[in-house]
Amino acid sequence: MAESSFVDSYDLYIDGSWVEADSGRYDVLNPATEQVIATAPDAGAEQVQQAIGAARNAFESWAAAEAAERSRCLQQLSDALLARGDEINALAQAEWGCTANERLIHVDGPAFMVGHAAELAMEPAETPMDAWGAAGTTLLRYEPLGVVAAMTPWNFPHTLNVMKLGAALAAGNTLVLKPSPLTPLAGLALARLIHDETDIPPGVVNVVTPSSVEASRILTLDPRVDMVSFTGSSAVGRDVMAGAATTMKRILLECGGKSASILLDDVELTDDMLERLLFEGCTLHAGQACILNSRLLVPDALHDDVVDRLAALARNVIVGDPTDSAVGMGPLISRGHLERVEGFVRRAEADGAKIVAGGRRPKDVDRGFYFEPTVLTDAAAESYIAQEEVFGPVLTVMRYRDDDEAVAIANNSAYGLGGAVWGGDIERGLGIARRIRTGQVSINGTIPGDAPFGGFKQSGIGREGGVMGLRAYMEPKAIGVPA
């Protein structure tokens with residue numbers, strides 16, 4: 001295939017063919033320039049149903065295919081993603097504002113995810129198990145669910161499209177992928193690679209990009225869909241869950257977060273660590289990440305030093321065009337979202353919080369949806385800014401007296417997705433990590449590897465990643481075999 005940009009105006013991808021949208025097209029904006037970069041096909045309800053039908057028709061043969069064949073097809077996709085990484089990076093910069101320091105997360109990492117999915121496809125689907133009281137042998141068998149509707153957000157569109165697709169296909173399911181209307185090109189570019197550079201059969205992957213809630217909701221209501229895998233806000237996740245309940249679909253929900261990093265009083269405050277705290281709590285993709293540790297809990301004795309140093313680091317972050325390799329933070333996704341983040345900061349001020357860095361749009365930027373890295377202090381644990389997910393570059397620093405209070409503040413949230421503990425005593429840090437009600441915790445920057453990812457409470461239901469994530473897309477069956 002000739003080299004070409006993935007920033008393009010695509011049609012819908014249904015049953016292995018490109019299909020003109022029946023509801024017109026809509027503009028896709030570059031959040032850094034506010035310019036239209038392409039148009040996307042607006043699928044109506046009937047075309048969403050056609051995509052579901054194509055996935056339904058393709059399911060039996062894909063599920064019956066040898067695991068080695070599914071693995072081979074996924075490896076083809078991994079190879080294609082690696083080979084076309086520079087083009088995907090250009091799309092990531094143009095459509096959702098990926099900066100140079102985020103390429104691994106947005107571009108290269110997804111290629112390796114699919115390669116890992118190719119390996120997971122070879123996991124044994126049937127194993128004997130020890131069963132108390134059984135007269136014979138019990139086989140535990142995992143079977144694909146059927147048609148999976150994957151609904152992905154705009155913040156890490158390529159990464160999440162690939163993660164869900166890889167696990168669903170490795171398990172033997174077929175897929176209807178519905179990206180966010182703010183980032184539809186990521187999903188359609190993935191369809192192009194599947195179509196042009198893999199042997200994945202027609203109907204196994206379908207990509208539709210409706211802009212309307214009504215057309216999108218069909219994916220949660222249609223009885224031919226067996227599972228809905230959703231990543232997005234907790235509010236929309238509850239609606240997805242309610243729709244899926246009408247036919248008792250299986251669900252996987254990865255939703256919001258308000259995660260906390262806890263600095264213990266014996267921590268060594270290095271510049272590298274503080275830069276990482278700012279990145280993982282504030283500037284990573286302009287704060288548009290559910291896993292962000294957007295609350296930083298600091299003991300009284302260290303508070304002022306930490307705040308002063310973080311504020312200085314925040315002021316030195318270069319905000320601007322993500323195509324500039326010197327830029328450390330790019331734009332927010334849209335004007336509406338920019339105004340939402342501004343509203344959070346203004347409300348925090350009104351509630352008594354103090355802005356020590358940022359808090360506004362950059363003065364020297366006349367276009368693009370930019371907001372300065374913002375550090376807040378003096379927010380109460382019960383305040384709106386400390387409880388609600390901002391989804392922007394806003395870090396709230398909060399004081400605590402002892403370990404028990406730190407744990408209590410960390411757990412004082414409707415969410416429970418991530419978290420971190422930093423300190424000199426690893427056993428003490430581990431003890432605190434065990435007490436935090438959240439899906440993942442890192443100690444001194446050690447991120448869990450190839451581990452189940454998901455959250456407690458309103459951060460979601462189920463897990464993605466690794467073997468447990470593969471099994472989330474399958475149904476267990478127990479078979480009793482006579483001795």
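This is a predicted model: local features need pLDDT of at least 70, side-chain atom pairs count only at pLDDT 80 or more; totals for chains, interfaces and linings use all residues.
Visitor: How do you know that the span of H4 agrees with its number of residues?

Guide: Helix H4 runs over residues 103-120, and at 1.5 Å a residue its 18 residues should span 26 Å; the C-alpha atoms at its ends are 24 Å apart, and therefore the two values agree.

Visitor: Which residues of H4 are called buried, and what makes them so?

Guide: The buried residues are His106, Val107, Gly109, Pro110, Ala111, Val114, Gly115, Ala117, Ala118 and Leu120; they are called buried because the term requires a relative accessible area under 20%.

Visitor: Against which helices do the buried residues of H4 pack?

Guide: They pack against helix H2 (67-83), helix H3 (85-96), helix H5 (157-170) and helix H15 (466-471).

Visitor: What does H4 give to the lining of the largest pocket?

Guide: H4 gives the most to that lining, with eight residues, while H4, H5, helix H9 (271-283) and H15 each supply at least two. The space in this pocket is about 1300 Å³, and of the 41 residues that line it, Ile105, Met113, Gln440, Ile447 and Phe453 are the closest to its centre. By class, the lining divides into 23 nonpolar, 14 polar and four charged residues.

Visitor: Which helix gives the most to the lining of the second largest pocket?

Guide: Here H8 gives the most, with seven residues, and the elements that each supply at least two are helix H7 (213-221), strand S10 (227-231), helix H8 (234-245), helix H11 (335-350) and helix H12 (384-387). The volume of the second largest pocket is about 980 Å³, and its lining comprises 43 residues, with Phe230, Thr231, Gly232, Ser233 and Val236 nearest its centre. That lining has 19 nonpolar, 16 polar and eight charged residues.

Visitor: Which residues line the second largest cavity?

Guide: Its lining includes Gly257, Lys258, Gly287, Cys290, Glu389 and Phe391, and about 60 Å³ of space lies inside. The lining residues divide into six nonpolar, four polar and two charged.

Visitor: Why is Gln458 called partly exposed?

Guide: The relative accessible area of Gln458 is 39%; buried means under 20% and exposed over 50%, so a value in between makes the residue partly exposed. Gln458 has its place in the loop between strand S20 (456-457) and strand S21 (460-461).

Visitor: Which residues does Gln458 touch, not counting residues up to four places away in sequence?

Guide: Gln458 touches Ser234, Arg238, Cys255, Gly256, Ala414 and Tyr415, contacts that rest on heavy atoms within 4.5 Å. The C-alpha atoms of Gln458 and Ala168, which are 290 residues apart along the chain, are separated by 24 Å.

Key. Residues are numbered from 1 along each chain as its sequence is written. Side-chain values use heavy atoms; hydrogens and water are left out. Helices (H or I, at least four residues) and strands (E, at least two) are DSSP runs, numbered from the N terminus. The expected span of a helix is 1.5 Å times one less than its number of residues. Buried means under 20% relative accessible area, exposed over 50%, partly exposed in between (1.4 Å probe, protein chains only). On a 1 Å grid over the protein atoms alone, a cavity is a set of points where a 1.4 Å probe fits but cannot get out, and a pocket is an open set with protein on both sides within 12 Å along at least five of seven lines; lining residues have an atom within 4 Å of a point. Grid points are joined across faces, edges and corners, and a volume is the space filled by probe spheres set on the points. Ala, Val, Leu, Ile, Met, Phe, Trp, Tyr, Cys and Pro count as nonpolar, Asp, Glu, Lys and Arg as charged, and the others, Gly among them, as polar.
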